[in-house]
Protein chains: 2
Amino acid sequence: MARSATTSDAFNAVAEPQRRNILTLLTKGERTVNGIAATLGLTQPQVSKHLSVLKQVGLVTVRGSGPQRFYKVNGAGLKPMHDWVSTFEQSWSESMDRLEVYLKELQAKTQSENKPNE
Amino acid sequence: MARSATTSDAFNAVAEPQRRNILTLLTKGERTVNGIAATLGLTQPQVSKHLSVLKQVGLVTVRGSGPQRFYKVNGAGLKPMHDWVSTFEQSWSESMDRLEVYLKELQAKTQSENKPNE
DNA sequence: TTCTTATATTCTACTATTGACATATTCCGA
DNA sequence: TCGGAATATGTCAATAGTAGAATATAAGAA
């Protein structure tokens, strides 16, 4: 079996570095295909294909039907990713005090001793 | 050229749904390979390979060198992802009031009109 | 040392992605 | 209606991942 399709969800779409660069660039405002290509040093077909993927997973929207098209980022499409990643946030958060850390580690320790598998 | 390696960074490692499931499971505490396999309905080799990828990108750590090994999640490895995704958070954040939304849209609009490409 | 359990590795087949290049499509203006 | 600019799509070759099954490895116990 092969890898998950890049168009299956935001996780896969965003795994490609160039697509992340495009989204980051679009943070500054709308851009045309050639505008993106020029800024990032990519060819026009490359950008069109990347945008196609991003559009399919709802990470960008297009404005204009003419030869000139403006692409805009749709940050809301990244909310599922943000939600998932945030569940791990406590690990690096410094707002967690000593006692909380201790209790959390104790809990993890106890769990693994009692029922390592499940 | 092919897709980015799954071991190239957290983004690619986490693009695989099964690996996300494994990380989520490990949130509850340490687990053995067979424990993970049983819980998620995967084969043992599958889990070993997924864990290998996760370990290479620093998303999990191992405890024990014997036949029994306990895997633990390292949430800090997801911080770069969290940071990147958070830059788009304002899009869906409800804490942003009307005026702020208006100004932001106005700014984006003005930018695209003046210099669509760059 | 030998057996046993848990885990890691190897091999194969299939599939989808990527970049590069060429070409098709679309709409605006003359 | 026709030409041209901007964008989308198609083809090709190369590459690497995934599942599945079989097998190798490692460490503790007898």
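Begin by selecting the contact between the two chains, to which chain A gives 43 residues and chain B gives 43 residues (contact means heavy atoms within 4.5 Å). This is a predicted model, in which local features need pLDDT of at least 70, side-chain atom pairs count only at pLDDT 80 or more, and totals for chains, interfaces and linings use all residues. Residues are numbered from 1 along each chain as its sequence is written, chains are lettered from A in the order in which they are written, and side-chain values use heavy atoms, with hydrogens and water left out.

Keep both chains in view. Together they bury about 4000 Å², with 58% of that area on carbon and sulfur atoms; buried area is the accessible area (1.4 Å probe) lost by two parts on being put together, summed over both.

Next, select D9(A) and R20(B), whose side chains form a salt bridge at 3.5 Å, N to O. The term denotes a side-chain nitrogen of Lys or Arg within 4 Å of a carboxyl oxygen of Asp or Glu. Two salt bridges are counted between chain A and chain B.

Then colour the elements of chain A that give two or more residues to the side touching chain B: α1 (10-13), α2 (17-26), α3 (33-40), β2 (70-73), α5 (79-86) and α6 (98-114). Of these, α5(A) gives the most, with six residues.

Methods. Helix = DSSP H or I, 4+ residues; strand = E, 2+ residues; numbered from the N terminus.
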